[in-house]
Amino acid sequence: LEEEYNSKYRFSTIFSDKDNKHEVDKKKKKYIEAGVLCILMPSNNRSSMEIILTVRSKKLKTHSGQISFPGGKLDKSDNNLIECALRETYEEIGIEKKKIQTIGMMNKYITGTGFLVTPVIATLKERIKYNINANEVEEVISFPLSYFSKEKEIKMTSFYNDKKQKFFYYDFKWQGYRIWGTTALILYDIYNILNKILKTND
């Protein structure tokens, strides 16, 4: 992760060029800082890795009903984005900080709604039981990263902005869930980083 991470990189999750999926944002616009926790765990048969995702409550004002990582907006009480991601994860799905082993941070991602998201990669130190906050989360799901190895091409959706410029974003379905935008891109990047690490260690 240290080789991949650069604190200056801020990747847009909406692309003007379909073939350039990592456009580095060069604008000096201010965004709302947020941290999300990307918890990796082995699948039941231990043949691949899964990652914890949440279905956000429809009661929420932003990103309601969407699939996302546990996490949220940086609070004044947070010393850093790792603390932010851990705090929000506990508030949303009840996993205590002491049961989580953080590994490192990924590059920052800019959402279409003005958030600057930093993913924090982590694993679990022990078996856990979710304590879901129904005001924020409807369901917790485990997404298999092996999904990407079976897909020849990750689907993208396009749209036109007010200036009639065409843009693209990741958008795919898995077991009836729609996973798109920032969450989809981060998942795909994690899959590629893990693959790169495994190939290096072979």
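Tyr-160 stands opposite Lys-166 in strand S11, and five bridges join strand S10 to S11 (residues 166-174), the two running antiparallel. Strands here are DSSP runs of E with at least two residues and helices are runs of H or I with at least four, both numbered from the N terminus, while two strands pair if DSSP finds at least two bridges between them. This is a predicted model, in which local features need pLDDT of at least 70 and side-chain atom pairs count only at pLDDT 80 or more, whereas totals for chains, interfaces and linings use all residues. Residues are numbered from 1 along each chain as its sequence is written, and side-chain values use heavy atoms, with hydrogens and water left out.

**The sheet and its loops**

- S10 and S11 belong to an open sheet of three strands, ordered S10-S11-S12 with antiparallel pairing; its edge strands are S10 (156-160) and S12 (177-180), each of which pairs on one side only.
- The twist of this sheet averages 35° from one strand to the next, where axes are lines fitted to C-alpha atoms and angles run from 0 to 180 degrees between N-to-C directions.
- Most residues other than glycine have a negative phi.
- Lys-164, in the loop between S10 and S11, has a positive phi of about 60° although it is not a glycine, and at 70% relative accessibility Lys-164 counts as exposed (buried means under 20% relative accessible area, exposed over 50%, and partly exposed in between, with a 1.4 Å probe and protein chains only).
- Gln-175, found in the loop between S11 and S12, likewise is a residue other than glycine with a positive phi, near 50°, and its 64% relative accessibility makes Gln-175 count as exposed.

**Aromatic pairs**

- The structure holds 15 aromatic pairs, a pair being two rings of Phe, Tyr or Trp (its six-membered ring) with centres within 6.5 Å, counted as stacked if the planes are under 30 degrees apart, edge-to-face if over 60, and tilted otherwise.
- The rings of Phe-148 and Tyr-191 have centres 5.5 Å apart and planes at 45°, so this pair is tilted; because Phe-148 lies in helix H2 (residues 147-150) and Tyr-191 in helix H3 (residues 181-201), the pair ties together parts that are 43 residues apart in sequence.
- Phe-148 and Tyr-191 are both buried, and both belong to one aromatic cluster whose members also include Phe-143, Tyr-147, Trp-174 and Tyr-188.
- The rings of Phe-159 and Phe-167, with centres 5.9 Å apart and planes at 25°, form a pair that is stacked, and Phe-159 counts as partly exposed at 30% relative accessibility.

**Helix H1**

- H1 (residues 81-93) has 13 residues and reaches 18 Å from its first C-alpha to its last, close to the 18 Å expected at 1.5 Å a residue, the expected span being 1.5 Å times one less than the number of residues.
- At the start of H1, a side-chain oxygen of Asn-80 reaches to within 3.1 Å of the backbone nitrogen of Ile-82, and just after H1, Gly-94 takes a positive phi of about 75°.
- The buried residues of H1 include Leu-81, Ala-85, Glu-88 and Glu-92.
- Thr-89, also in H1, counts as buried at 0% relative accessibility and touches Leu-37, Ile-39, Pro-70, Gly-71, Gly-94 and Ile-95, not counting residues up to four places away in sequence, where contact means heavy atoms within 4.5 Å.

Note on methods
Polar contact = N/O pair within 3.5 Å; in protein donor to acceptor, adjacent residues only side chain to side chain.
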